[in-house]
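Dear colleague,

Please find below the structure that I am handing over to you. My findings follow directly after it.

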Amino acid sequence: MDVTPITQKIQENARLTAEGYLNEARARIADLQESTDTLIRKAQQQAQEDARRDGDAMEKNMRRLHELEMRKQLLQMKRGLLDEGFTQALEALRAQDSQKLRALFLYQTVQSAQGNEKLAVGAISPAFFDESFVKEANTLLEKSGRPAGLTDGGERREGVCGVILQGQGVETYCTLESLLDARRADLEPAVAGILGTELR
């Protein structure tokens, strides 16, 4: 019996079956490749969006930090201007005529004294102070009904201009420096308004 036709038939069926499986596999591979490409594209797009968003956020943060640093530098400059203004004011006051300084410190001394303190004098511009200063201060204290026992303690205090009252372990500064320090807190808000920033 000739089995050749049967063998050929089996081979043809096997070939067709194999091609069918192969074609199905190719189709599945193509579908898988397409879906994979889609996923990759989406992942790349998401990565780019994340990078752009992170980059924008980083840029904003850097800009904010830069602006903050610039504001700090500007505030330091304005503080410097304020300090310079008070320094110039202090120098101008120290350079006043000794009679004007005498009148100022005499008033401060009489306003602040209890009447029995020793007086120390600042080493800066001390020409306003002499024996008559103490005598006049006591006269004014006596007229106001207070003790008139101020004395010259003989001390000269470095770094200040004015009079320091010394009594019962307490020192009261009647100086240009203390006067400006006391006024600075009151003046700073107004000056801050002029400079356009908060000083605290």
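Aspartate 130 is partly exposed in this predicted model, with a relative accessible area of 35%. Its partner in a salt bridge is arginine 102, and the closest N and O atoms of the two are 3.2 Å apart. Aspartate 130 belongs to the loop between E1 and H3 while arginine 102 belongs to helix H2, so the bridge ties together parts that are 28 residues apart in sequence. In general, side chains of opposite charge can pair when their charged atoms come close.

Is arginine 102 buried or exposed? With a relative accessibility of 12%, arginine 102 counts as buried, because the cut-off for that class is under 20%.

Arginine 102 also meets the side chain of glutamate 136 in a salt bridge, at 3.1 Å from N to O. Since glutamate 136 sits in helix H3 and arginine 102 in helix H2, this pair ties together parts that are 34 residues apart in sequence. Glutamate 136 is partly exposed, at a relative accessible area of 35%.

The whole structure holds 5 salt bridges. Another one of them joins glutamate 171 to arginine 157, with 2.9 Å between the closest N and O atoms. Here strand E4 (residues 170-175) provides glutamate 171 and strand E2 (residues 151-157) provides arginine 157, 14 residues apart. Glutamate 171 is partly exposed at 38%, whereas arginine 157 counts as buried at 16% relative accessibility.

Helix H2 deserves a paragraph of its own. It has 15 residues and spans 21 Å from its first C-alpha to its last, close to the 21 Å expected at 1.5 Å a residue. At the start of H2, a side-chain oxygen of aspartate 97 comes to within 2.8 Å of the backbone nitrogen of glutamine 99. The buried residues of H2 include Leu101, Arg102 and Phe105.

Phe105 leads on to the nonpolar core. The largest such core has 22 residues, and Phe105 is among those that touch the most other members, along with Leu119, Phe128, Phe129, Phe133, Leu150 and Val163. Helices H1 (4-94), H2 (98-112), H3 (131-143) and H4 (176-195), together with strands E1 (118-122) and E3 (162-167), each supply at least two residues of this core. Beyond its neighbours within four places in sequence, phenylalanine 105 has contacts that include Phe128, Phe133 and Val163.

Finally, the chain as a whole has 4 helices and 4 strands, and 20% of its 200 residues count as buried.

Yours sincerely

Methods
Residues are numbered from 1 along each chain as its sequence is written. This is a predicted model: local features need pLDDT of at least 70, side-chain atom pairs count only at pLDDT 80 or more; totals for chains, interfaces and linings use all residues. Side-chain values use heavy atoms; hydrogens and water are left out. Buried means under 20% relative accessible area, exposed over 50%, partly exposed in between (1.4 Å probe, protein chains only). A nonpolar core is a set of buried Ala, Val, Leu, Ile, Met, Phe, Trp, Tyr and Cys residues joined through side-chain atoms within 4.5 Å. Contact means heavy atoms within 4.5 Å. The expected span of a helix is 1.5 Å times one less than its number of residues. A polar contact is a pair of N or O atoms within 3.5 Å; within protein, one must be able to donate a hydrogen and the other to accept it, and residues adjacent in sequence count only if both atoms are side-chain atoms. A salt bridge is a side-chain nitrogen of Lys or Arg within 4 Å of a carboxyl oxygen of Asp or Glu.
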